[in-house]
Amino acid sequence: MANVISDETIEYVGVLAKLELSPQEKEAAKKDMADMLDYIDKLNELDTTGVEPMSHVFPVENVFREDVVTNGDDRENILKNAPGEKDGMFVVPKTVE
Amino acid sequence: MNLVDLTAVELAEKIKGGEVSAREALEAVFRRVEEKEELLHCYVTLDREGAFKRAEEIQKKIQAGEAAGALAGVPVAIKDNLCTAGMRTTCSSRILDNFVPAFSARAVEDLEAAGAVILGKTNMDEFAMGSTTETSAFGVTRNPHDPERVPGGSSGGSAAAVAAGECFFAIGSDTGGSIRQPASFCGVVGLKPTYGTVSRYGLIAYGSSLDQIGPLTRDVRDCAAVLELIATHDKKDSTSIKREDTDFTSALRTDVEGLRIGVPRDYFGEGLDKEVKAAVLKAADTLRDAGADVEEFDLSLVEYAIPTYYTIAAAEASSNLERFDGVKYGYRAEDCQGLHSMYKKTRSQGFGAEVKRRIMLGSFVLSSGYYDAYYLKALRVKALIKKAFDHAFRKYDVILGPTAPTTAPRLGESLADPMKMYLGDIYTISANLAGLPAMSVPCGKDAGGLPVGLQLIGDCFQEKKLLRAAYAYEQAVGGFGTGKEA
């Protein structure tokens, strides 16, 4: 079945993805996503009833450690990468009125 | 003889023996960089000053008789998605254009401990999303065998740099074939280890359940030697596995007597280039002549690997790339009205088209109402694919087939049709889904002189069997690039 992606869906996915697409990008995204989903729908040919979803190929166990700080203070180097910095903190646009 | 024609292991021996200095090796490699880099563009960042400083330090250690490491003084290139303390790390993305990490990836630390000298950071597809290195925000890398063709991707800069002699070996990462496919296109050796073998600490994540770091080298001995150094357990990666069997160079034996090699019929069907097919089957014959038991079999489910992969990889990417928001590092858009506007503008301006495409798809398949139908469905099919491999490895030690369906395409051909580009990953991505080790070795050239890659896939933790088969093949053909393979 051919997938059709609506304007509302693209708008909604854009909100989830935190992306602001131009009108041209939106049209392209509708087509790209529909094509990919048509292709992904191929998986429905397989009966997976009773098959457990496999997130990891090996049985993984949670790795615990003591909650002890082992790294040093690297504030200066880390803040060097900040687009906005003031008094040892990250500066962002105003978030509360 | 030109120094840059030596393998990494050969160079290390000469440096250790005092025959060549670390500085001389570095000078030779930078001369090659000056000759070739303008055309090929393998690197995003070169650190000439840092490299010479480091070479001096290493040389002093050697002269003082101190242990300087297994690859002391050997120049290495690092893919630009591995963090290097104090050296710009961009993922070939505008959004990380000015990012300078405060720490190094574990694999980088391991190489530095072994005395390797970092030359610079290699070009790649943006965030490793692509198969040609053309989605880089910093321009394309060209294939050293034909500059009108792509080097493959996403570790295209690393593979091209090794092939061109612009380094002695390189490090790449492989999420769906990103080490093996460029190795195939550039005529070098590339290995993706078993998931969990090399720590992912400091690797900028794309698809965390699929990503593995591995070596790109001139020959099989180098591949084993480098893997031995970076296969270390790391508490900072919760999926890192403590392995006891990491003496990979011990597997370099020329005999393959009794090695059971399975050739999946489903890897030789529609879409496979005739010349690639002939070269790969000839390599299978070479291994048979050397004593291996080679037989055909049906692997099954091959055509479901790509849709499974793109669902899972896009889902994980959409989550992993949420961190790029313009707050703590990287690019920030100007003139933002409030926090959300800053996030959106920064990401929309900072990411390229392919990255946005995968983030959108990933956000969709994880969204409420579609999660079960797409994401969980893909994880169920992944379980079936793993089972098919488990079944095959009860009978075979190694699965042999092509790395890619074709040799390197022309620049610009692939991006015009993303679906076609995705199909090029058909033989490589299953190994990532099933966590298996897999490698690509050169097995001759097509009529146009472009390298063909032979892929060897092993069961989990069986890198040694791959290396043994690869080494035996390399010895049987008298070495790679000698023209005797095909």
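Visitor: Why is Arg23(B) called partly exposed?

Guide: Arg23(B) has 17 other C-beta atoms within 10 Å. A residue is buried with 20 or more other C-beta atoms within 10 Å of its own, exposed with 12 or fewer, and partly exposed in between, the C-beta atoms being placed from the backbone. The count of 17 lies in between, so Arg23(B) is partly exposed. This is a predicted model, in which local features need pLDDT of at least 70, side-chain atom pairs count only at pLDDT 80 or more, and totals for chains, interfaces and linings use all residues. Residues are numbered from 1 along each chain as its sequence is written, while chains are lettered from A and ligands numbered from 1 in the order in which they are written.

Visitor: Which element holds Arg23(B), and what makes it a helix?

Guide: Arg23(B) lies in helix 2 of chain B, residues 22-40. Helices (H or I, at least four residues) and strands (E, at least two) are DSSP runs, numbered from the N terminus.

Visitor: Which residues is Arg23(B) in contact with, leaving aside its neighbours within four places in sequence?

Guide: They are Phe52(B), Ala55(B), Glu56(B) and Gln59(B). Contact means that the C-beta atoms of two residues, placed from the backbone, lie within 7 Å.

Visitor: What makes strand 4 of chain B mostly covered?

Guide: In strand 4 (residues 169-174), 6 of its 6 residues are buried. Phe169(B), Ile171(B) and Ser173(B) point one way, and Ala170(B), Gly172(B) and Asp174(B) the other way. In a regular strand the side chains alternate between the two faces of the sheet.

Visitor: How do you know that strand 4 of chain B pairs with strand 2 and strand 6?

Guide: Two strands pair if DSSP finds at least two bridges between them. Strand 2 (residues 75-79) is joined to strand 4 by 3 bridges and runs parallel; Val76(B) has Phe169(B) as its bridge partner. Strand 6 (residues 212-217) is joined to strand 4 by 5 bridges and runs antiparallel; Asp174(B) has Gln212(B) as its bridge partner. Both counts reach the required two, so both pairs qualify.

Visitor: How many residues does each chain give to the contact between chain A and chain B?

Guide: Chain B gives 51 residues and chain A gives 40. Helix 12 of chain B gives the most to the chain B side, with 11 residues.

Visitor: What confidence does the predictor give chain B?

Guide: Its mean pLDDT (the predictor's confidence in each residue, from 0 to 100) is 96, and 99% of its residues reach 70 or more. For the complex, the predictor gives an ipTM of 0.95 and a pTM of 0.97.
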